[in-house]
Amino acid sequence: MRLLHTMLRVGNLDESLNFYCDVLGMKLLRRKDYPGGEFTLAFVGYGDESDHTVLELTHNWGTTEYNLGDAYGHIAIGVDDIYGTCEMIRQRGGKVVREPGPMKHGSTVIAFVQDPDGYKVELIQLGTQGSQSEEKPATAQAV
């Protein structure tokens, strides 16, 4: 088994594609309109779907916003230089909502950015999460 994608409902597909592609550096992998269902699916990620977990951005025509609720947490992206990445995100018009630094109860260096719909994206400085004895999960390294 393999994790394939995570789906996010978005209110403005063009704004979301700008954020995930132009600000975070993902690539638009595929996009398709479904006129019968009045929705569009766009898949974005840092690599081909055959080898990488990606995001499915779902735009339901006529819906411009969603209640994010309190169960959803965030998407996490591993980065090599969290300070430089946050600066690049700001320069590209992105919103950093938590500056880089160690997490409250640990040594993992994190930051948070926010997409146009209010979804949080956690940036994690690679090599700082967990202890040396813990196995580290694979994370995306573009940005």
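## Before you start

What you're looking at is a predicted model, where local features need pLDDT of at least 70, side-chain atom pairs count only at pLDDT 80 or more, and totals for chains, interfaces and linings use all residues. Residues are numbered from 1 along each chain as its sequence is written, and side-chain values use heavy atoms, with hydrogens and water left out.

## The sheet

Let's begin with the strands. Helices (H or I, at least four residues) and strands (E, at least two) are DSSP runs, numbered from the N terminus. Four strands make up an open sheet, ordered β5-β8-β7-β6, with mixed pairing; two strands pair if DSSP finds at least two bridges between them. At the edges you'll find β5 (75-79) and β6 (95-102), each with a single partner strand, so one side of each has no neighbour in the sheet. From one strand to the next, the twist averages 20 degrees; axes here are lines fitted to C-alpha atoms, for helices over the stretch in contact, and angles run from 0 to 180 degrees between N-to-C directions.

Now pick out β7 (residues 109-114) and β8 (residues 120-125): they run antiparallel and are joined by five bridges. To see a pair, look at V113, whose bridge partner in β8 is V121.

## The helix on the sheet

Helix α2 (residues 82-91) packs on this sheet and touches β5, β6, β7 and β8, its direction making about 170 degrees with that of β6. Contact means heavy atoms within 4.5 Å.

Which residues of α2 are buried? They are I82, T85, C86, M88 and I89. Buried means under 20% relative accessible area, exposed over 50%, and partly exposed in between (1.4 Å probe, protein chains only). Seen down the axis of α2, the buried residues fall within an arc of 160 degrees, so they line one face of the helix; the arc is that of the directions from the helix axis to the C-beta atoms. These buried residues pack against α1 (13-23) as well as β5, β6, β7 and β8. On the other side of α2, Y83 and Q91 are exposed.

## Where the helix starts and ends

At the start of α2, a side-chain oxygen of D81 comes to within 3.3 Å of the backbone nitrogen of Y83. After α2 comes G93, which has a positive phi, near 95 degrees.

## Salt bridges

How many salt bridges are there? The count comes to four, taking a salt bridge as a side-chain nitrogen of Lys or Arg within 4 Å of a carboxyl oxygen of Asp or Glu. One of them pairs D14 with R31, with the closest N and O atoms 4.0 Å apart. D14 sits in helix α1 and R31 in strand β2 (residues 27-34), so the pair ties together parts that are 17 residues apart in sequence. D14 is exposed, at 54% relative accessible area, while R31 is partly exposed, at 46%.

R90 and E87 are three residues apart in helix α2, about one helical turn. An α-helix has 3.6 residues a turn, so residues three or four places apart point the same way. R90 also meets E99 in a salt bridge (2.5 Å, N to O), and E87, R90 and E99 are linked in a network of salt bridges. R90 is partly exposed at 33%, E87 is partly exposed at 37%, and E99 is partly exposed at 45%.

How values were computed:
A polar contact is a pair of N or O atoms within 3.5 Å; within protein, one must be able to donate a hydrogen and the other to accept it, and residues adjacent in sequence count only if both atoms are side-chain atoms.
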